[in-house]
Amino acid sequence: NGYHIAVVGATGAVGQQMLATLEKRTFPIASLKLLSSKRSAGKELSFKGTTYTVEEATPESFEGVQIALFSAGGSVSKALAPEAVKRGAVVIDNTSAFRMDTEVPLVVPEVNPKDLEWNKGIIANPNCSTIQMVAALEPIRQKVGLKKVVVSTYQAVSGAGLEAVDELKTQTADLLAGKEANPEILPVGGDKKHYQIAFNAIPQIDVFQENGYTFEEMKMINETKKIMNMAELEVAATCVRLPIETGHSESVYIETEQEGLSVADIKELLNAAPGVTLQDDTANQVYPMAAHAVGKDDVFVGRIRRDLDRANGYHFWVVSDNLLKGAALNSVQIAESLIQQDLLS
Ligand code: 11C
């Protein structure tokens, strides 16, 4: 009883959280294949008390698989997701490979679950920093519409993978011991220069585009418009990496279509929203923080204020575990939504 599942990239930061999430939510699994690149094949991972050997992902790996969760990098998804679909699987892809493809729905189940209806085999899971923001925006958009979003992010190193987490830890220890920092990965593994992340803030996540924005910033801009189905929404983003292991934080400014929503109204909307937890009691110093969001499923929102100059302007602070709602949990929720909507053949 259950589904034949494959996890591609099972040994990575997100892959491991995918397994933990499938286990925690008692997802109905008939069989499980753990797949990876050649480099990680042969490693052993435990799931529900059983040890699995990770196999190298090949086109044939997907024979008999119904749901394939991909998180092994864009090039692996580009090469193997179509092969999985050819063999009858639905692919839920956590990379940016297909997100802006007009044939591929980009889904946050609390926002646009109906977009799953028109999937042609591949469904894209959005970027972590986009997911937590749109989860907080949607209840407000539904009530009073949205015109503009300006976001600045404070992102954790686990978004850049386990090697970046190791770099932060080693560098912090080295600097505290009076040694040199020796940066080799961040801000971007493949870019020309690398900078110290320990005790620093780096205003570059992913590579720069011709328009002066980074790819991470353009993901937030383009993905938000696609998920919310609002090509006309004005969105601007500045993405910054901080020396935090896990948990992305965001300062968000919005302008709504209609004026007059009070802070109390917004609190009420967010309180009732699925997947969102309101943490807003400044009199008692209650607000969301990355360290408190680690390991939690929800998107936490607080510090809600009216803009002092614009009647339709509001500011707030959004925090979530980037590996859970930002990646693994949202992917598993997409699979659950496919089942609920009876969209799996
Ligand atoms: C980061 N947001 O924090 C990135 C990681 O497109 O799925 C997620 C990359 C992606 O570095």
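The legends below accompany close-up views of a predicted model.

View 1. The contact between them draws on 21 residues from domain 1 and on 19 residues from domain 2.

**View 2. The area buried between the domains.** The size of an interface is often given as the accessible area lost when the parts come together. Between domain 1 and domain 2 the buried area is about 1,600 Å², and carbon and sulfur atoms give 63% of it. On the side of domain 1, the residues that lose the most area to domain 2 are L106, E110 and V111, which together account for 31% of what that side buries.

**View 3. Polar and charged pairs across the interface.** Three salt bridges are found across the interface of domain 1 and domain 2, and six residue pairs, both members at pLDDT 80 or more, are in polar contact across it. The elements that give two or more residues to the side of domain 1 that touches domain 2 are helix α1 (13-24) and helix α8 (324-340). By residue class, that side of domain 1 is made up of eight nonpolar, seven polar and six charged residues.

View 4. The residues around the ligand are N94, R99, N127, C128, Q155, G159, A160, I205, E216, K219, R241 and H248. For N94, a backbone N or O atom lies 3.4 Å from an oxygen atom of the ligand. In the case of E216, an N or O atom of the side chain is 2.6 Å from a nitrogen atom of the ligand, while an N or O atom in the side chain of H248 is 3.1 Å from an oxygen atom of the ligand.

**View 5. Two of the salt bridges.** The count of salt bridges in the model comes to 20. One of them joins K24 and D297, with the closest N and O atoms 3.5 Å apart. Another pairs K86 with E83, where the closest N and O atoms are 3.5 Å apart. Because K86 and E83 are three residues apart in helix α2 (residues 74-86), about one helical turn separates them.

Terms used
Residues numbered from 1 in each chain as written. Predicted model: local features only at pLDDT ≥ 70, side-chain atom pairs only at ≥ 80, totals over all residues. Heavy atoms only, no water. Contact = heavy atoms within 4.5 Å. Buried area = accessible area lost by both parts, 1.4 Å probe. Salt bridge = Lys/Arg side-chain N within 4 Å of Asp/Glu carboxyl O. Polar contact = N/O pair within 3.5 Å; in protein donor to acceptor, adjacent residues only side chain to side chain. Helix = DSSP H or I, 4+ residues; strand = E, 2+ residues; numbered from the N terminus. Nonpolar A, V, L, I, M, F, W, Y, C, P; charged D, E, K, R; others polar. Near = heavy atom within 4 Å.
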